[in-house]
Amino acid sequence: MILVGQYDSPFVRRVAVTLHHYHMPFTRQPLSVFGDFKEMGKLNPLVRVPALILETGETLIDSNVIIDHLDQAVGPRALTPAHGPERRQVLRICAVSTGCSDKTVSLYFERHFHDQKAVSAALDKRLAMQLKAGIEWLEHECGTPWFIDNKMTQADVTIGCMLSHVKLRLPEFFPSDKYPKLHVIARHCEMMPEFDAARIGANETVPKKL
Ligand SMILES: N[C@@H](CCC(=O)N[C@@H](CS)C(=O)NCC(=O)O)C(=O)O
């Protein structure tokens, strides 16, 4: 299998961590949605990462779709429970966490690709409020040592990847003196070998201009 995308994307990274956790071998093509626009467009018309190219040649897009496929392949070892209230709980937490990543990407791009005076103050404020509310909700719902009881699930993987991305792009939204339970999850995650195997490389970044 080939995982396409850079690890500065929390969506690519949650797929990579999941693949490592399941001990599924893969290689990576760290294409950029900016520098490799044309090549990416052949894999996903929306020019978004991640994509996963299967041995059959079939290409899966969207981290949720890819993880659903990996979960089916791995069976009872899946990080997302197969059914019932436990599954709905993990999926709800993942939805808020990936939503936080969506808001982080939007807010970062709004600031990064505009001159200060061209940034929409109203949009900036709205995105900031949504991101803050998402992180606060997660802190409120969070258990210990893992989000749900004492077992790592896809909720933890997704939150760990979301928080490392927030720290990278918009660190003021995850200060060290707030969100104590989420800081524990973030620390636990980054100590795991599957997270260590999916660290962001020095070249995996966003260009200055579109
Ligand atoms: N729902 C998608 C979101 C993917 C996504 O937003 N990827 C970002 C990278 S962090 C991207 O490729 N953005 C480029 C763009 O939309 O132009 C998923 O879970 O995979």
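Reader: Thanks! Where does H83 sit?

Author: H83 lies in the loop between α3 and α4. Keep in mind that this is a predicted model.

Reader: Is H83 buried or exposed?

Author: H83 is exposed, because it has 7 C-beta neighbours inside 10 Å, and a residue with 12 or fewer counts as exposed.

Reader: What separation is there between H83 and V49?

Author: Their C-alpha atoms are separated by 27 Å, and along the chain H83 and V49 are 34 residues apart.

Reader: New topic: which residues surround the ligand?

Author: The ligand has S9, F11, V33, V47, R48, V49, P50, D62, S63, N64, T98 and V105 around it. Two elements, α3 and α4, each give two or more residues to that shell.

Reader: And how does that shell split by class?

Author: Six of the shell residues are nonpolar, four are polar and two are charged.

Reader: Nice. Now α1, how many residues does it have?

Author: Helix α1 has twelve residues, running over 10-21. From first C-alpha to last, α1 reaches 16 Å, close to the 16 Å expected at 1.5 Å a residue.

Reader: Why do you call α1 largely enclosed by the rest of the structure?

Author: Eleven of its twelve residues are buried, so the rest of the structure largely encloses α1.

Reader: Which ones are buried?

Author: In α1 the buried residues are P10, F11, V12, R13, R14, V15, A16, V17, T18, L19 and H21. F11 also belongs to the ligand's surroundings.

Reader: What covers those buried residues of α1?

Author: The cover includes two strands, β1 (2-4) and β3 (51-53).

Reader: Okay, on to the strands. In what order do they form the sheet?

Author: The order is β2-β1-β3-β4, four strands in an open sheet with mixed pairing. At the edges are β2 (27-29) and β4 (59-61), each pairing on one side only. From one strand to the next, the twist averages 25°.

Reader: Do β3 and β4 pair in the parallel or antiparallel sense, by the way?

Author: β3 and β4 are antiparallel, and their pairing covers three bridges.

Reader: One last thing: which residue in β4 stands opposite L52?

Author: That is L60; L52 stands opposite it.

Technical notes
Residues numbered from 1 in each chain as written. Predicted model: local features only at pLDDT ≥ 70, side-chain atom pairs only at ≥ 80, totals over all residues. Expected span 1.5 Å × (residues − 1). Buried ≥ 20, exposed ≤ 12 C-beta atoms within 10 Å, placed from the backbone. Contact = placed C-beta atoms within 7 Å. Near = placed C-beta within 6 Å. Nonpolar A, V, L, I, M, F, W, Y, C, P; charged D, E, K, R; others polar. Pairing = 2+ DSSP bridges. Axes fitted to C-alpha atoms, helices over the stretch in contact; angles between N-to-C directions.
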